[in-house]
There are 4 protein chains.
Amino acid sequence: MNPEVVFIGLGNMGFPMAHNLIKGGFSVAGFDLLQSNVDRLIAEGGIQGVSLEQAVKSAKVVITMLPSSQSVKNVYLGEGGVFEQARPGTLLIDSSTISPEVAKELGKQAGERGMEMLDAPVSGGPVGATAGTLTFMVGATENGFASANAYLQKMGKALYHAGPHGSGQTVKVCNNMLLGITMIGTAEALRLGIANGLDPKVLTEIISKSSGNNWVLNACNPCPGVMEKAPASNDYAGGFGVDLMLKDLGLAVENALSTQCSVPLGANARNLYDMHSKAGNGKLDYGSIYQMLGKGS
Amino acid sequence: MNPEVVFIGLGNMGFPMAHNLIKGGFSVAGFDLLQSNVDRLIAEGGIQGVSLEQAVKSAKVVITMLPSSQSVKNVYLGEGGVFEQARPGTLLIDSSTISPEVAKELGKQAGERGMEMLDAPVSGGPVGATAGTLTFMVGATENGFASANAYLQKMGKALYHAGPHGSGQTVKVCNNMLLGITMIGTAEALRLGIANGLDPKVLTEIISKSSGNNWVLNACNPCPGVMEKAPASNDYAGGFGVDLMLKDLGLAVENALSTQCSVPLGANARNLYDMHSKAGNGKLDYGSIYQMLGKGS
Amino acid sequence: MNPEVVFIGLGNMGFPMAHNLIKGGFSVAGFDLLQSNVDRLIAEGGIQGVSLEQAVKSAKVVITMLPSSQSVKNVYLGEGGVFEQARPGTLLIDSSTISPEVAKELGKQAGERGMEMLDAPVSGGPVGATAGTLTFMVGATENGFASANAYLQKMGKALYHAGPHGSGQTVKVCNNMLLGITMIGTAEALRLGIANGLDPKVLTEIISKSSGNNWVLNACNPCPGVMEKAPASNDYAGGFGVDLMLKDLGLAVENALSTQCSVPLGANARNLYDMHSKAGNGKLDYGSIYQMLGKGS
Amino acid sequence: MNPEVVFIGLGNMGFPMAHNLIKGGFSVAGFDLLQSNVDRLIAEGGIQGVSLEQAVKSAKVVITMLPSSQSVKNVYLGEGGVFEQARPGTLLIDSSTISPEVAKELGKQAGERGMEMLDAPVSGGPVGATAGTLTFMVGATENGFASANAYLQKMGKALYHAGPHGSGQTVKVCNNMLLGITMIGTAEALRLGIANGLDPKVLTEIISKSSGNNWVLNACNPCPGVMEKAPASNDYAGGFGVDLMLKDLGLAVENALSTQCSVPLGANARNLYDMHSKAGNGKLDYGSIYQMLGKGS
């Protein structure tokens, strides 16, 4: 049997996304470098016994969730890749976080081959992927965005059409650069307050009602003990990893170079996360940058 | 007639605050270096014909709203100043934004002279001062905070007791450092998005529902045209001036030096605002840092 | 007549370099997008009447001096480009300042086609190019470096073999990133001294004999009036342009991203130069960053 | 017997300086919080059996070498301090590294009491102090500078008169801020070169002959193995400590705040050293910032 949906990349994010499509009634064949991930999806109702090549040839939709611009280029542009195998009319959705330039180029080439392609990176992390509450930031034509709706709504709660090809990646890059900056700024403010004898809970409460308010302060406060459920209160385990934030800040700085933008705080944040990662903290939650700023927790 | 309240410093902020106290039923004598400001308050019902020395000697409350740590020190500690003239039991409220160290020291000395003193800086700007909707961030004893309630509530809407002497200033400094960082980060994100072809209104809308969300984005978006009423859409006129933000970032960095804190982005922001001011933009709204990051608006 | 040397790119740098080769006794055919540059070289003894294709096919050496990684890739890899036309055994020398990654890749491909290629960026500017006193930083095989000696020594005084393909570009990028940082640091130190009442000449003299000593301080001091012949004393005319420094800092940051290096001050410097250029100073000497740091000269 | 010279502060720097004065033929009484330091100087010929008060009253010269602005203020301005005890005409030399503002104020007050005072910070470290080869950067009147010559030349090799009171400290602060910046920039350049496969010795050699050349590169190269005798090749032991560099960068940033200067790289450097110190490296040589930038040495 040929699946309607091919899902390539079944990691922390891709697996629960594919699983939600199955639960939503779609026939899905999953592919991953790790056979164990593939087997897990089959155990949850994924289609088995079809080769990647064969599946892509017959699918209505191909979705990818991969770790880097290079891996996405390989899967779409490589010999025997998606662009070679898929029929005109196939809908292509790349939910990886990659360079806006690469996304723009892939969207263009897809169009030349008669296919709609979406760059559709997400926010919400593994928790949102499992719950089906991801936010999708989409770069696509109007048609492409409309065609993808049935699929995206099984995986996410908020779907934003940001603009033409590449726009989804651009929004992701802009948002996450700002997030990285806000996290460090918030950590600095909390450290400074504590060094002056303030209670960080009181400081958080007052700032959250003032002009310094931001998402980080209330959703993943980096000071241990302020929010019971935040990674900061659990030795910075779980959450959004330092190395993922570093990757996104790298995409932002790279993009700023190619578009000739000034990003003084974004570049500063990238280097701080790079040093923090090199000190051995790459797997901790990105709020652990709080530790780099001071002694003790 | 002796006034109940002495109000020293009748500038953009002090005048409407004193006026609101008069409207709230208090007898207020105002003092300022500019006689025209004093006269304006008299025209609104302020007490006249009393010297500063005499007024302070008999007042129940002395409130100050002054431009710098040095001017506050002069008024309280100078020869013939408030500490020399006021009787034990007088309530002292300093709403200036000054160094936490100075606030702590003044609070201590007030206590030694038998007076409660509050460091009670505000946020909300001239608009909030006029509307009586300021936020007060207060450092004081429990008693001091309670005693001040009747007065502060005529001038503001939200009253926060942040902790002991100096804590109000610390919260203000932490909040505004974070605000300065968030403003620049937001401006960078918007510039980057636009350089990639995004519509800044769409970008603002999506980020405001994502993890990059912050107060700046929604209340004083620095990109011209995104918010009709923001200073950015009015040539950066009005709003919170670059030189005021620069002053607050200076207090933050100074405090970080004396408390041995790392504030990499705060220090970066301070230098960017300093260069922006030196290029002749000191009187513009602080969102005008957006212009420093790029060509065209 | 077929030229021994083909020289592609006859701008501010390329023209005097090609001219020095002619004066050194070589037959040189020059090529440039601007015909006037080609004609000027012919007037100085350059070979005329030969097409680029024909010249490359028969030349012993091809030298390029071009403005960007992209233009270098076009010339070597493009359809009908140098790699297609040149015979095995041709010596290829690229003196452009480009990305080390691109240089490495070109060197590899040249080798696969039986040609030695050098990445040989220079320092010394138009003055050094005219005087024949350039410094060459070379990435190449031992053989390649040796073969190029006869040509390079007509154009430069110091020839350094930095390592294999790409190493010349890497040295250039590292040196110029450090130069950009040192320039800003020196400008900050001079500004700070002057703000404290010091005579910048006295400050320069003492630092130049102390641990803060560096090339900038003595060769192109950014404070007007300290060195009579420096661009700073001539309204920052001449010298090494802001936009060229910005390009080199961009190469450094780009390289740091791809090699996963932390360059906090390098990235900071890149953004400062970017903002300085956007304020309209791209054509001034890079020492003009001194103006961004303060009011007045 | 009353000593000609009183020397207060016999630490790593003060002890060898005092010792050199004794070897130079002066009678010196040394004072320190640690009695063992005092005893060591007595063993080397220091005067014993005189109280600090008595010694200051009768001395021709008082020299101080202390760790902070505060400790210097205590010794000169405190109750029973040098200003109270010393006779008019006594020559006062403070070789501590302190805030230029404090030095200016002390110089002024000394003048009002009929004494010449020099702010005379040094460079050269414990090695230079022992060898008598320190560099003195002096703020003083012409007379004061001339009067101190006989003493300074026993302790140092180079004596610079930078300008009026405070100028010595300003030069020190400017030089060391630039030094801190140059060190980090040099470490970044070396890391970047190595990440691209360069030999750091080759890179050092080429840059040292190019525009990136600076004192750090040749005198205390931060990459292990490049210079056999540098602290970097000895696990960053010895040399100029991270916490001392941090103190000097703190003085620079503090001074920039009070003189309203922009020091973007200086402030950046201060925060990097602050984080590096907080990670437990305060006692290592300041070249160890190289380790913060990367994994492995």
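This note goes through the predicted model point by point, from the single chain to the contacts between chains.

1. **Make-up of chain A.** The model is a prediction, and this should be kept in mind for every value below. Chain A has 14 helices and eight strands, and its C-alpha atoms fill a box of roughly 65 × 45 × 35 Å when this is taken along the principal axes. For 297 residues, a compact globule would have a radius of gyration near 19 Å, and the 20 Å of chain A agrees with that.

2. **Burial and contacts within chain A.** Of the 297 residues in chain A, 61% are buried. Among the contacts in chain A between residues at least 6 apart in sequence, 64% join residues that are at least 24 apart.

3. **Domains of chain A.** The domain assignment divides chain A into domain 1, residues 5-164, and domain 2, residues 170-292. The centres of these two domains of chain A, taken over C-alpha atoms, are separated by 29 Å. Eight residues of domain 1 of chain A are in contact with ten residues of domain 2 of chain A, and the side that domain 1 of chain A contributes is made of four nonpolar residues, three polar residues and one charged residue.

4. **How chains A and B are related.** A rotation of 180°, with 0.0 Å of shift along its axis, superposes chain B on chain A with an RMSD of 0.0 Å. The two copies are thus related as by a two-fold rotation axis. In chain B, the C-alpha nearest to this axis belongs to B:N214, at 1.9 Å from it. The same surface serves both copies, since 100% of the contact residues of chain B recur in chain A.

5. **What chain B brings to the contact with chain A.** In this pair, 57 residues of chain B are in contact with 57 residues of chain A. On the side of chain B that touches chain A, two or more residues come from each of the strands β7 (134-139) and β8 (156-163), and from each of the helices α9 (167-195), α10 (200-208), α12 (242-258) and α13 (264-281) of chain B. The largest share of that side, 19 residues, comes from α9(B). By residue type, the side of chain B that touches chain A divides into 29 nonpolar, 24 polar and four charged residues.

6. **The setting of α10(B).** Which residues of α10(B) are buried? They are B:L203, B:T204, B:I206 and B:I207. The cover over the buried residues of α10(B) comes from both chains, and it includes β7 (134-139), β8 (156-163) and α9 (167-195) of chain A together with α9 and α11 (215-219) of chain B.

7. **How chains B and D are related.** Chain B is also superposed on chain D by a rotation of 180° with 0.0 Å of shift along its axis, at an RMSD of 0.0 Å. Because 100% of the interface residues of chain B are also interface residues in chain D, the copies meet through the same surface.

8. **What chain B brings to the contact with chain D.** Here 13 residues of chain B are in contact with 13 residues of chain D. The elements that give two or more residues to the side of chain B that touches chain D are α12 and α13 of chain B, and α13(B) gives the most, with seven residues. This side of chain B divides into six nonpolar, four polar and three charged residues. The helices α12 and α13 of chain B are also listed among the elements on the side of chain B that touches chain A.

9. **A backbone point to check at Y236.** B:Y236 has a positive phi of about 60° although it is not a glycine, and this residue lies in the loop between α11 and α12 of chain B. Is B:Y236 buried or exposed? B:Y236 counts as buried because it has 24 C-beta neighbours inside 10 Å, where the cut-off for a buried residue is 20 or more. In chain D, D:Y236 likewise has a positive phi of about 60° without being a glycine. D:Y236 is found in the loop between α11 (215-219) and α12 (242-258) of chain D, and with 24 C-beta neighbours inside 10 Å D:Y236 counts as buried.

Key: Residues are numbered from 1 along each chain as its sequence is written. Chains are lettered from A and ligands numbered from 1 in the order in which they are written. This is a predicted model: local features need pLDDT of at least 70, side-chain atom pairs count only at pLDDT 80 or more; totals for chains, interfaces and linings use all residues. Copies are superposed by least squares on the C-alpha atoms of residues with pLDDT of at least 70 in both. Two residues are in contact if their C-beta atoms, placed from the backbone, lie within 7 Å. Helices (H or I, at least four residues) and strands (E, at least two) are DSSP runs, numbered from the N terminus. Ala, Val, Leu, Ile, Met, Phe, Trp, Tyr, Cys and Pro count as nonpolar, Asp, Glu, Lys and Arg as charged, and the others, Gly among them, as polar. The radius of gyration is taken over C-alpha atoms; the globule rule is 2.2 Å times the number of residues to the power 0.38. A residue is buried if 20 or more other C-beta atoms lie within 10 Å of its own, exposed if 12 or fewer, and partly exposed in between; C-beta atoms are placed from the backbone. Domain bounds come from an automatic or database domain assignment.
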